[in-house]
Amino acid sequence: MSRFTDQPSPMAQPKSFLWTRRVVLTLLLAFVLVPVYVMLSSSLKSLQDVQGSFKWIPHSLTFKPYIDIWKTIPLAHYFVNSVIVCISATAFSVILAIFAAYTVSRYRFLGRKVFTVTVLSTQMFPGILFLLPLYLIFVNIGNSTGLTLNGSRLGLIITYLTFSLPFSIWMLAGYFDSIPRDLDEAAKVDGCGPLGALFRVVVPAAVPGIVAVSVYAFMTAWGEVLFASVMTNESTRTLAVGLREYATQNDVYWNQVMAASIVVSLPVVAGFLLLQRYLVAGLTAGAVK
Amino acid sequence: MRSSSTSSRLLAATALVAALGLTLAACGGGSDDDSSGSSGSGKTADANSLKGQTITYWASNQGTSLDADKKTLTTELDKFEASTGIKVKLEVIGWADLLNRILAAATSGQGPDVLNIGNTWSASLQATGALMPWDDAAFQTIGGKDRFAPAAIASAGAAGQDPAAVPLYSMAYGLYYNKKMFADAGIANPPATWDELVADGKKLTTGGHYGIAVEGANGAENIHHIFVLAKQRGASWFDDKGAPTFTGPQQVAAVKQYVDMIAANKIAAKGNAEYVQNQTITDFATGKAAMMMWQTASASIASHGMKPDQYGVVPVPVQTAGATGDAGVTSMVAGINMAIFKDTKHKDAAEAFVKFMTSTDEQKVLNGKYGSIPPVTEAQSDPAFQTPDLKVLAEVLAKSAAPLPQVANESQFENLVGPAVKSLFADAAAGKAVTDDSVKAALTKAQQQMPAS
Amino acid sequence: MTATAPPRRTPEAGPSSGKSAAGGRLRPRIVERLRQGGLPYLLLLPAILAELLIHIVPMFFGILISFKNLTLFYIHHWNSAPWAGFDNYKAAVKIHQPIGEALLHSFWVTLCYTLLSVALSWLLGTAAAILLQDKFRGRGLIRTLFLVPYALPAYAALITWTFMFQQDTGLVNHVLHDQLHLTSSKSFWLIGDNSFWAMVIVSVWKSWPFAFLALMAGLQNIPRELYEAAAMDGAGVWQQIRKITMPSLRPVNQVIVLVLFLWTFNDFNTPFVMFGQNPPHQADLISIHIYQSSFINWNFGSGSAMSVLLLLFLLVVTAVYLLVTSRGRSENDV
């Protein structure tokens, strides 16, 4: 796979290009970073300052919001919930996607087209259409089998894994297509079965694609609000809905909202940025000629 | 070398199953299948049979945070458990989620045993049939209906039906005013009529300060105020059959009078049109606005650092001085009700819990902590509720408060008319004229979207 | 979110056709056949089960509900709700009646919102990807910073923007009014006409890094020889961008535009977090419009009917889009 090949420019760039680049990139950076700055500076202000008019430079700084966030709501608990739910959903989504994508990529079987089209079209389903039906199905499964899906992390995991599954299958199938079939044929000659070929040859060769899919699946689950607001309870609540609780009957604790957002975003942003090289490579996918 | 392929497949399958099993183990918790007790037939239950039962209670957010609520209530629940042996599993749910959770529970039949509801939801939730009706026999188990203030009972379900819930906390609107700002402007007494309020408001609106603050983008607040303003004109938002009557001249005048605080009279800051997160209290407590109409706000005001002696509370103004009857209504009956979920398997334990929460002693403790007024009349005489502001509000509740229309479509009313008023405020803030015609057009559109009942 | 959908080779019969290690004996061969035939389905089974449980079955359930008169009077006994026939659909499509009119309005708002957001996200993504194609100092850092909006949890980003858009105390008015004096008074962003634009700005902020990321990947695949040849022919940078870069990105663009369109059209988080459950009329996106009908007005029948119409619309748009943009491509491209 081609990673970042820092290609030198084929010819000297004209002034107009350089200036355009400077101006456009500066503006874009401002657009991207201003909210991040607001988040950071507001998280260091007292509630009174945050509620007052915005100032670029806070006139006094306090770390109190970073202490208070843990008391106002059970932030750590929500964070753990989110991490468990999102990581599990991601793991299962990716495993399922690997199997399905490999099949779609390597086999021609009856219903292949139906499968791919159906799965992809589920990506268009408005969540609002199946929120209540899904809830009722979960409750009924719970009543008849004793398996608690409603209000449990497991229910949310199963739900979220399907949210990212369609695109994950599609992406990975594209990626697998770009891996020469000779490789798995060779593995089979060496005595591997189809699954052996998948796990020993195809998967290792597709790491960037798998990482890209994982990041996508994780982010899909991480930000979901609608289903989490109905299908979780106090003990299973995730961050995406839990953060709303900084707006209480009395006050909106803006400084704490910002502080909490920063705290919970840091690990995600860091992980995301660490993986970004894979991400680009993974997305490059089937475009290899 | 078939074995290689088989083993690798086996490995993968095992890994999958193992992983799945792990999650199952990790996530299987959360079910609360407890020793299910006798679901007795509503007769006085043998106290012993209730021992060891566990009921689930969904509480609404009343205090400064969910966590604070949890601490407050847990202390009380421990007392309950100590005296009855019934364990209460508490979940405090924020207002953003509460109605959706109740709705989902009503649909699925899987919910808590006891829950708090906003009292304006009473009739709507009653219509779903998901809540246990409180007939006389049920009321007997908690000491009888007449222990409660009549206005509070009237806000617990549609007229002519058994209430769907029992009043737990009561609140009423009052006009809060900043004493110093009034003195500085040379105003001796707080306003008693709307004309006085507008006149005072104009005097107080100077130099970045405003006469009054309103929560313009908050649909529920809008509804509460236009309800009172229409009532003072003798008009209601629904007729006797429950059909909407949004477009009558009095209703139009009521909405216009409210929106004119920003529009024609300019005694409220334009920015109020987007207030939806209780910025009104902040503005009042920080001296940006000299007045506000709010329900039992002392705790919130205090949390912003304003002291009780810095402000006064009087009833919300009326149209003409000394008005009585409907014309003298100054507040909706605000409050929280407590309901029993019809599908509960622990009806007796649930009733015992409601009895505990509405007992005179508990009413004193809980309402005292939350700064609300006990709907149980006997508890109102407690010194905790004799502070100047609570005395005024209790008087309002007893004499000049009326329940919001208790009709099944109340929530659609809030959802259609509330935003209509919000966009009229937005028009006013943007400098567009708000006229009788534009108000009427907005209300007509809202009425047309009301479902036929 | 794959970058491109290139002409894929149609897979041949099976992976190990004719290379069975078991030799010529009959019985193992049949077993082998069965396994060959069954294996694809076995591998697909988990994905199919998950999709059935979460998407397909609930969708049919939802379609069923759309033919029911499921209002608050029935939700506690939803299976006894009376059949409504096509009433819910009729109410939704009667555009001269209040309900249909409101739905149509919401549809137009959503369409404008989506087209603007997708176009701007694509434009910014393309500009940034092309400008960052060549090596220069600070390029890696800028590239990393550009990805931050995509990595921030949606709620955190949205609530921050809402905070910035507050009329009296927000940053946006502080800059526009107090510092640049562009407006004569502080404008409203969370109510009234501007709320639509506020929503578009936030949506672009959230989505463009995705376009940027995918386009960056697409640029990696353009052979350098093309540029070198063009440079040899005397084409300047601008010409190279126009003649080589843009055409080569077409397959990537096809995917990005579709994906962003579907995401944005179904967007629920943005209006919900910014405006609550009652967004201003000007920002009444269809997902939240349906949410109101279902979860606030408690008319799930009507809400489901609207959802089904929305789904049909998206299916048609997607099908037409793929037909138009994939002309001449292999039919195996999905």
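User: Two strands count as paired if DSSP finds at least two bridges between them. How many bridges join strand E5 of chain B to strand E7 of chain B?

Analyst: This is a predicted model. Strand E5 covers residues 173-178 of chain B, and strand E7 covers residues 289-295. The two run antiparallel. The cut-off is at least two bridges, and the number joining E5 to E7 is 5.

User: Which residue in E7(B) is the bridge partner of Gly174(B)?

Analyst: Take the antiparallel pair E5 and E7 of chain B. In E7(B), Gly174(B) has as its bridge partner Trp294(B).

User: Which strands of chain B stand at the edges of the sheet, and why is one side of each left without a neighbour?

Analyst: The sheet is open, with 4 strands and mixed pairing. Its order in chain B is E6-E7-E5-E8. Each edge strand has a single partner strand, so one side has no neighbour in the sheet. The edge strands of chain B are E6 (210-213) and E8 (311-314).

User: Which helix of chain B packs on the sheet?

Analyst: Look for a helix touching E6 and E7 of chain B. Its direction makes about 120° with that of E6(B). The helix, residues 194-204 of chain B, is H9.

User: How many residues does domain 1 of chain B give to the contact with domain 2 of chain B?

Analyst: Domain 1 of chain B is assigned 49-171 + 334-402, and domain 2 is assigned 173-332 + 406-448. Their C-alpha centres lie 28 Å apart. Domain 2 of chain B gives 21 residues to the contact. The side of domain 1 divides into 13 nonpolar, 9 polar and 1 charged, and the number domain 1 of chain B gives is 23.

How values were computed
Residues numbered from 1 in each chain as written. Chains lettered and ligands numbered in written order. Predicted model: local features only at pLDDT ≥ 70, side-chain atom pairs only at ≥ 80, totals over all residues. Domains from an automatic or database assignment. Contact = placed C-beta atoms within 7 Å. Nonpolar A, V, L, I, M, F, W, Y, C, P; charged D, E, K, R; others polar. Axes fitted to C-alpha atoms, helices over the stretch in contact; angles between N-to-C directions.
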